[in-house]
Amino acid sequence: MTSRKEELRKVTYSTFSLAQEFRKVQELRKDYDRTSFDILILIASQKRMRPSDIAAALQLNPSSITRRMQLLLQEGLVSAENDPSDQHSSLITLTLTGEKALESYLVRSVDANDRLLENWSDEELKVFAAMLSRYSEALKRWRVSLYPEDKER
């Protein structure tokens, strides 16, 4: 019988391994680099954002965001409009092309997970999905409790 600490050690190492593998997969992507993808996901979740808010949320240098925004605008994935409350800033939104790109990525991700977990029973998959969601939410609550100013990320 393993102790709780041993099981927690397995969870810790598996979490580190999962994060590393996810980063490696993201680096292999041919369509969007990780930062651009993170920007698109963030804008999708917020609907409209100022570039400065995107930079803050992703902990990036504002000049880096400016360069990324130009690329995303050129690719037609986002659009920019003047911010009515601050004429010196703009509001960034996803275009229909950007929404379709994210949906396409989601479909490919679901298909990839289907291949990864093809030997799992429906019940195993259901339990894993529930536990992974629960773990993710617990991690977020823990992070926010330690860093309340980081709540919006």
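**Close-up views of a predicted model**

**View 1. Nonpolar surface patch.** Helices α1 (4–28) and α6 (122–146) each supply at least two residues of the nonpolar patch; helices (H or I, at least four residues) and strands (E, at least two) are DSSP runs, numbered from the N terminus. The model is predicted: local features need pLDDT of at least 70, side-chain atom pairs count only at pLDDT 80 or more, and totals for chains, interfaces and linings use all residues. Residues are numbered from 1 along each chain as its sequence is written, and side-chain values use heavy atoms, with hydrogens and water left out. The patch covers about 1,000 Å² and includes V11, L18, W120, L125 and F128. Patch residues have over 30% relative accessible area and no salt bridge, and nonpolar side chains (Val, Leu, Ile, Met, Phe, Trp, Tyr) are joined within 5 Å. A salt bridge is a side-chain nitrogen of Lys or Arg within 4 Å of a carboxyl oxygen of Asp or Glu. Helix α6 gives the most, with seven residues.

**View 2. V11.** V11 lies in helix α1. Its relative accessible area is 38%, so V11 is partly exposed (buried means under 20%, exposed over 50%, partly exposed in between; 1.4 Å probe, protein chains only).

**View 3. Packing of α3 and α4.** Helices α3 (residues 51–58) and α4 (residues 62–74) pack at an angle of about 115 degrees, their axes 9 Å apart. Axes are lines fitted to C-alpha atoms over the stretch in contact, and angles run from 0 to 180 degrees between N-to-C directions. P51, I54 and A55 in α3 meet P62, I65 and M69 in α4, contact being heavy atoms within 4.5 Å.

**View 4. D86.** D86 is in strand β2 (residues 86–94) and is partly exposed, at 30% relative accessibility.

Key. Patch = residues over 30% accessible without salt bridge, like charges linked within 9 Å, V, L, I, M, F, W, Y side chains within 5 Å. Areas by Shrake-Rupley, 256 points an atom, 1.4 Å probe, with all protein chains shown as cover.
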